[in-house]
Each structure stands twice: as structure tokens, then as C-alpha cells.
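Student: I should like to work through a protein model step by step. May we begin by looking at it together?

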Amino acid sequence: MMHSPPKIAYTICSANHLAYAKTMADSLLQVAPEYMVMIGLADRINNRFSVDEFLPHQLIEVEQLAIPAFGSMSRQYTLIELNCAMKPFLAQYILDREQPDILLYIDADIFFYQSIAPIEAVLTQNAIAITPHFFTPINDGALPMERDVLRSGIYNAGFIAMKNNAITQSFLQWWAERLTNQCYYNFAEGMAVDQNWLNLVPLFFENVAIVQHKGCNVAYWNLHERNLTVRNHAVCVNETELLIFLHISGYKFETPHILSKHQTRFQLSELPVLQNLLENYRALVNKNGYARYCQMPCFFARPIKKSTGIMAFINRVLQPLGIKITNT
């Protein structure tokens with residue numbers, strides 16, 4: 001009997017975010033049970049936990065990918081930079097080994113509520129599908145402003161849907177080459193880790209779709225255009241589309257009354273539907289071991305003291321040569 005190619009979703013995180021990753025993966029299988037979820041660990045297990053704890057999801061340590069430049073990447077990048085830089089490499093590994101028809105990249109802090117069929121429908125005619133941060137102007141002076149999105153990237157790198165074809169493979173190779181040594185978090189130099197590279201994707205590659213469904217990637221950055229309500233026990237966006245997935249970025253369990261540390265536009269207490277969703281989400285992440293995992297240090301990407309201004313630029317140029325200049 002012929003078997004259809006698998007559908008795979010993957011994420012990347014270090015050990016401290018594993019409770020989030022498992023929660024995301026569990027939620028995806030609730031709405032799309034045909035998917036396999038692979039959790040890329042930008043870290044080492046090092047006898048701290050067992051891969052069996054994450055079944056049916058698969059856990060892959062990044063050293064298994066045998067990335068030629070991984071040694072230098074793990075030394076030059078901070079924790080967030082290294083995690084972001086791993087995205088195209090793990091995608092290439094999965095496409096080569098598993099040969100899925102569809103591959104989804106999903107940030108660990110995402111939670112699914114409804115079928116992802118509308119996203120898969122976009123891929124019937126396209127190779128890559130990406131989601132913009134928002135569709136409508138903002139001019140109220142609160143954060144994030146339009147210029148913040150221009151600086152950090154028009155499209156959100158927390159979710160990317162891909163078909164397994166030549167276009168996607170070319171995109172991943174291009175992205176991997178850039179992220180090998182240009183995945184820094186430094187707005188002064190126009191760098192927002194992996195994300196603002198996506199600005200170029202619709203220009204450089206064919207059959208790239210911008211997902212129009214307002215129920216995709218709902219987050220603090222687009223709540224000015226997306227009102228959440230409940231109808232027939234389901235959460236709706238603008239009373240017209242179902243909420244497919246929520247991106248819970250910048251939400252801290254230590255301050256559950258604050259929507260996100262990255263925004264000043266909304267008070268969570270004024271958004272009762274979202275507040276309830278976040279309370280339920282927090283309970284699930286806690287159940288999946290948040291208190292245990294959040295304290296685990298990362299084996300790689302130890303904290304790097306960042307220089308500023310011209311010193312940062314000089315060090316960035318000289319770093320591949322093994323040279324570092326410090327202030328005295």
C-alpha cells in the first residue's frame with residue numbers, strides 16, 4: 001500500500017522553553033492529528049530529562065544536525081540568536097530525512113484552537129506562506145509603532161508554512177547562509193535575528209503567499225485590528241473568522257496580568273476573552289513542567305556581554321577571525 005508523504009511541524013528551543021514547546025505541540029495535534037511534531041533542542045539533554053517525556057513528539061538535539069559552522073555559531077550568538085539561527089538548518093534536515101509534503105515552522109509560544117486547513121489551502125497553489133504582523137495602520141503613539149515593525153520585520157518569523165519543493169529548498173539554503181553569521185539582535189545595525197530577512201522572501205522567491213486569514217498569528221502586535229469574541233463555544237476574530245492560533249509573545253507567568261512586555265497599547269484586564277485564553281494556556285504550560293524546565297541553563301550560547309556603537313561593529317567584523325577587542 002502506498003503511504004502519503006507525512007506532514008511535519010517543528011520548533012526550536014533550549015531546555016528552558018521545553019514546557020512551552022510541548023504545550024504548542026499538543027495543541028497542534030488536537031486540531032491536526034495527522035501531523036508529526038519535532039522539537040529541535042538548541043541545547044543538550046545531558047541526563048536532565050528523557051526524550052520519552054515528550055512522546056509522541058520527537059526531540060532532536062541540534063548537534064545531531066552536524067551543521068559545519070555550529071561551533072562558531074554557538075560561541076558568537078546569544079541564546080535567542082542561536083535558537084533563531086537554527087530554523088533553516090533543522091528544516092533542511094527534516095526535509096532531507098523525512099521527505100514531508102508539508103513542513104510548518106512554529107514558535108514554541110504558539111497555541112492552536114482550530115483546524116489549520118485554511119493554511120494548508122494556501123499551500124495548494126504556493127510554496128511558502130508567511131504571516132504579516134498586521135494589515136492596517138497604527139497611529140496612536142503606543143507600542144509597537146509602525147516603525148518598530150519596519151525595524152524588526154514586516155512578517156512574523158514565528159510561523160512559516162512550506163511545501164517540499166525546489167522553491168522552499170532554495171529559500172532555506174539562502175536563509176541558512178544568512179543566519180550562519182548574520183542572525184544578530186542589533187536594531188542599530190538593522191538586524192532583528194532571523195525575522196527581518198523574511199522581508200526579502202516575496203521578492204527573491206516565487207509562489208510566496210501572505211496569509212490573509214485574521215485568525216492566524218493573533219498577538220499583541222495586531223490586536224488593534226482583531227477583536228476576540230466567543231460564539232458557539234469558539235473564539236472568533238472580528239466575528240467573521242475562527243481563531244486558528246494565538247502567538248503568546250512576551251507574556252510572563254510571573255506577571256500574568258500583563259499582556260506582553262513588548263507593548264503598551266492594551267490592558268489585559270480590558271480584554272476578557274484573551275485574558276481567559278491566557279489563564280488556560282498558563283495552566284497547561286505549568287502542567288507540562290514549566291517550573292522544572294524554566295530554570296535549566298543552556299549548554300550553548302552562554303551570555304555574551306554586548307559592546308555598543310563602533311566597538312560592536314568592529315568586533316562583529318573581526319569575530320570570524322577569532323579576534324576580539326575590549327574596552328579598557
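Tutor: The questions below move from confidence to helices, rings and the backbone.
This is a predicted model, in which local features need pLDDT of at least 70 and side-chain atom pairs count only at pLDDT 80 or more, while totals for chains, interfaces and linings use all residues. Residues are numbered from 1 along each chain as its sequence is written, and side-chain values use heavy atoms, with hydrogens and water left out.

Student: What is the mean pLDDT of the protein?
Tutor: pLDDT is the predictor's confidence in each residue, from 0 to 100. In this protein, 90% of the residues reach 70 or more, and the mean is 92.

Student: How many contacts beyond four places in sequence does the model have for residues 313-328?
Tutor: A contact means heavy atoms within 4.5 Å. Over residues 313-328, pLDDT stays under 50. Where pLDDT is low, the predicted coordinates should not be read in detail. With that caution, the number of such contacts for residues 313-328 is 15.

Student: How far apart are the end C-alpha atoms of helix α7?
Tutor: Helices (H or I, at least four residues) and strands (E, at least two) are DSSP runs, numbered from the N terminus. The expected span of a helix is 1.5 Å times one less than its number of residues. Helix α7 has 14 residues, 166-179, so it should span 20 Å, and this agrees with the separation of its end C-alpha atoms, 20 Å.

Student: Which elements cover the buried residues of α7?
Tutor: Buried means under 20% relative accessible area, exposed over 50%, and partly exposed in between (1.4 Å probe, protein chains only). The buried residues of α7 are Ile167, Thr168, Phe171, Leu172, Trp174, Trp175, Ala176 and Leu179. The elements that cover them include α2, α3, α4, β6, β7 and α8.

Student: What is the angle between the ring planes of Phe70 and Phe300?
Tutor: Rings of Phe, Tyr and Trp (its six-membered ring) pair if their centres lie within 6.5 Å; planes under 30 degrees apart count as stacked, over 60 as edge-to-face and the rest as tilted. The structure holds 25 aromatic pairs. One of them is the edge-to-face pair of Phe49 and Tyr293, at 5.7 Å centre to centre and 75 degrees between the planes. Phe70 and Phe300 also form an edge-to-face pair, with centres 5.0 Å apart and an angle between the planes of 90 degrees.

Student: Why does the pair of Phe70 and Phe300 tie together separate parts of the sequence?
Tutor: Both Phe70 and Phe300 are buried. Phe70 lies in helix α2 and Phe300 in the loop between α10 and α11, so the parts tied together are 230 residues apart in sequence.

Student: Is Arg226 buried or exposed?
Tutor: Arg226 is placed in the loop between β10 and β11. Its side chain joins that of Glu225 by a polar contact of 3.1 Å. Beyond four places in sequence, Arg226 touches residues including Phe135, His213 and Lys214. Because its relative accessibility is 3%, Arg226 counts as buried.

Student: Which ring does the charged end of Lys214 sit over?
Tutor: A charge sits over a ring if NZ of Lys or CZ of Arg is within 6 Å of the ring centre and within 35 degrees of the ring normal. The charged end of Lys214 is 4.5 Å from the centre of the ring in question, that of Phe135.

Student: What is omega for the peptide bond from Leu143 to Pro144?
Tutor: Most residues other than glycine have a negative phi, and most peptide bonds are trans. Pro144 lies in the loop between β6 and α6. The bond from Leu143 to Pro144 is cis, with omega near 0 degrees.

Student: What is the relative accessible area of Val193?
Tutor: Val193 is found in the loop between β9 and α8. Although Val193 is not a glycine, it has a positive phi of about 45 degrees. Val193 is buried, and its relative accessible area is 8%.

Notes
Polar contact = N/O pair within 3.5 Å; in protein donor to acceptor, adjacent residues only side chain to side chain.
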